[in-house]
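Please look through the structure shown here with the sequence at hand.

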Amino acid sequence: MTNPAQARSIRRCAVVGGGIIGVAVARELANKLDGAHVTLYEKEDKLAGHQTGHNSGVVHAGLYYEPGGLKATLCRRGVGLLQEFCAEKDLPYEACGKLVIAQTPEEAKRLDNIFARATANGVPGVRMLDAHQIGEVEPNAVGLSALHSPETAIVDYAAITNALADDVRVAGGQIRLGQEVTSLEQQASGVVVHTKKGGEHYDLVVACAGLQSDRLAAATGEPKTPRIVPFFGQYFLLGAEARNQVKGLIYPVPDPKHPFLGVHLTKRIDGEMMLGPNAFISFGRESYSWKDVNARDVLNYAMFPGFWNFARQNVPSAIREFQTVVSKKKFIREAMRFVPSLEGATVVPGTRGVRAQAMNGDGSLVDDFVIARRRDMVLVRNAPSPGATSSMAIAEYIVEQALAG
């Protein structure tokens with residue numbers, strides 16, 4: 001329960017970061033704190049400029065996550081909140097469904113474990129399919145067995161972010177675009193938010209800085225790890241002649257030997273069909289083409305022992321991913337394992353995203369959400385997939401924790 005005395009003492013709040021999580025937090029603060037003023041800082045000239053605006057648009061149902069864990073709980077809560085919000089704002093929300101397809105007996109065993117987790121997490125309508133039943137859901141797909149999640153959906157996360165921001169403004173909050181926060185300074189009471197234009201004092205600050213989250217955390221005195229190591233993901237779009245070969249989403253079974261999922265097929269809310277993404281080290285945290293090289297970012301991970309520990313442990317994965325980076329044919333062949341009829345299909349480059357991958361010093365990847373409290377600050381240090389799906393639930397969780405004292 002929110003502590004009324006604590007809530008009354010918070011009159012000025014700031015949120016750093018204009019991705020979907022930051023804007024959802026700002027909206028939640030504006031709704032929970034009557035009379036308080038909420039200010040959101042975003043360094044770009046628009047909201048959703050980075051991870052939120054460069055992802056696949058999938059609303060994850062909660063298939064893979066440890067039952068009872070933060071990811072599972074917030075994902076399932078987040079799905080419901082997103083669905084309600086999209087209905088309220090007349091935003092597109094399509095439950096196109098998802099198949100996770102096993103191609104080998106070993107994958108089939110892992111898929112059974114995923115089904116057990118999905119059932120424990122209360123994913124609606126989830127069921128196992130045999131090879132024949134796969135064709136009843138996706139006529140052009142093949143496999144040994146599959147998990148079907150009919151309620152897995154697709155949305156436009158950038159549009160949702162802007163609608164959330166409209167609610168912040170209606171509640172009297174302020175969105176400051178083009179203002180980069182350089183540091184947060186804890187005072188005896190409250191926090192000073194520093195930008196190039198000076199500093200302002202707030203009673204509570206929530207940092208949702210995504211790709212820059214570790215740097216902002218370190219600037220407040222928090223540990224430098226987990227460190228953000230950027231990995232880009234390239235998508236391709238199927239040509240119009242092959243776009244209707246797939247009705248919804250088709251995913252491989254996650255392989256514990258590989259840190260990233262591998263190529264899959266994803267319907268987009270505008271009707272396009274995407275292949276991807278792959279995952280390979282990026283030359284910058286905000287680099288969306290090969291030409292964008294940020295020397296500071298490259299040096300940051302090149303001098304980080306955790307990155308080299310990760311690299312040594314994942315040579316086969318790096319080879320697999322690099323093949324899809326340099327060969328479009330290899331990219332398509334990966335998709336053809338699930339949909340053979342895609343042979344000969346044309347593809348064009350689609351969007352490229354950069355994943356804010358939090359990494360420990362030993363090279364292990366941080367899988368769960370990491371939300372740290374530092375007196376009058378809350379720092380979101382890691383919000384991987386299903387971060388966008390869970391955004392409104394994460395906002396609830398953060399604000400409830402912050403107002404509880």
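What follows describes a predicted model.

Between S3 and strand S8 (residues 153-155) the antiparallel pairing runs over two bridges. Valine 59 has alanine 153 in S8 as its bridge partner.

Across the whole structure, a search finds eleven aromatic pairs. One of them is formed by phenylalanine 231 and phenylalanine 310, edge-to-face, with 5.6 Å centre to centre and 70° between the planes. Because phenylalanine 231 lies in strand S14 (residues 227-238) and phenylalanine 310 in helix H9 (residues 305-313), this pair ties together parts that are 79 residues apart in sequence. Phenylalanine 231 has 4% relative accessibility and so counts as buried; phenylalanine 310, at 7%, also counts as buried.

Phenylalanine 280 and phenylalanine 322 form a tilted pair, because their ring centres are 5.4 Å apart and their planes are at 40°. Phenylalanine 280 belongs to strand S18 (residues 280-281) and phenylalanine 322 to helix H10 (residues 315-326), so the pair links parts that are 42 residues apart in sequence. Phenylalanine 322 counts as partly exposed, at 41% relative accessibility. Both rings belong to one aromatic cluster, formed by Phe232, Phe280, Phe283, Trp290 and Phe322.

Rings also meet charged side chains. The charged end of arginine 12 sits over the ring of tyrosine 202, 4.5 Å from the ring centre. Arginine 227 lies over the face of phenylalanine 304, at 4.4 Å from the ring centre.

Conventions
Residues are numbered from 1 along each chain as its sequence is written. This is a predicted model: local features need pLDDT of at least 70, side-chain atom pairs count only at pLDDT 80 or more; totals for chains, interfaces and linings use all residues. Side-chain values use heavy atoms; hydrogens and water are left out. Two strands pair if DSSP finds at least two bridges between them. Helices (H or I, at least four residues) and strands (E, at least two) are DSSP runs, numbered from the N terminus. Rings of Phe, Tyr and Trp (its six-membered ring) pair if their centres lie within 6.5 Å; planes under 30 degrees apart count as stacked, over 60 as edge-to-face and the rest as tilted. Buried means under 20% relative accessible area, exposed over 50%, partly exposed in between (1.4 Å probe, protein chains only). A charge sits over a ring if NZ of Lys or CZ of Arg is within 6 Å of the ring centre and within 35 degrees of the ring normal.
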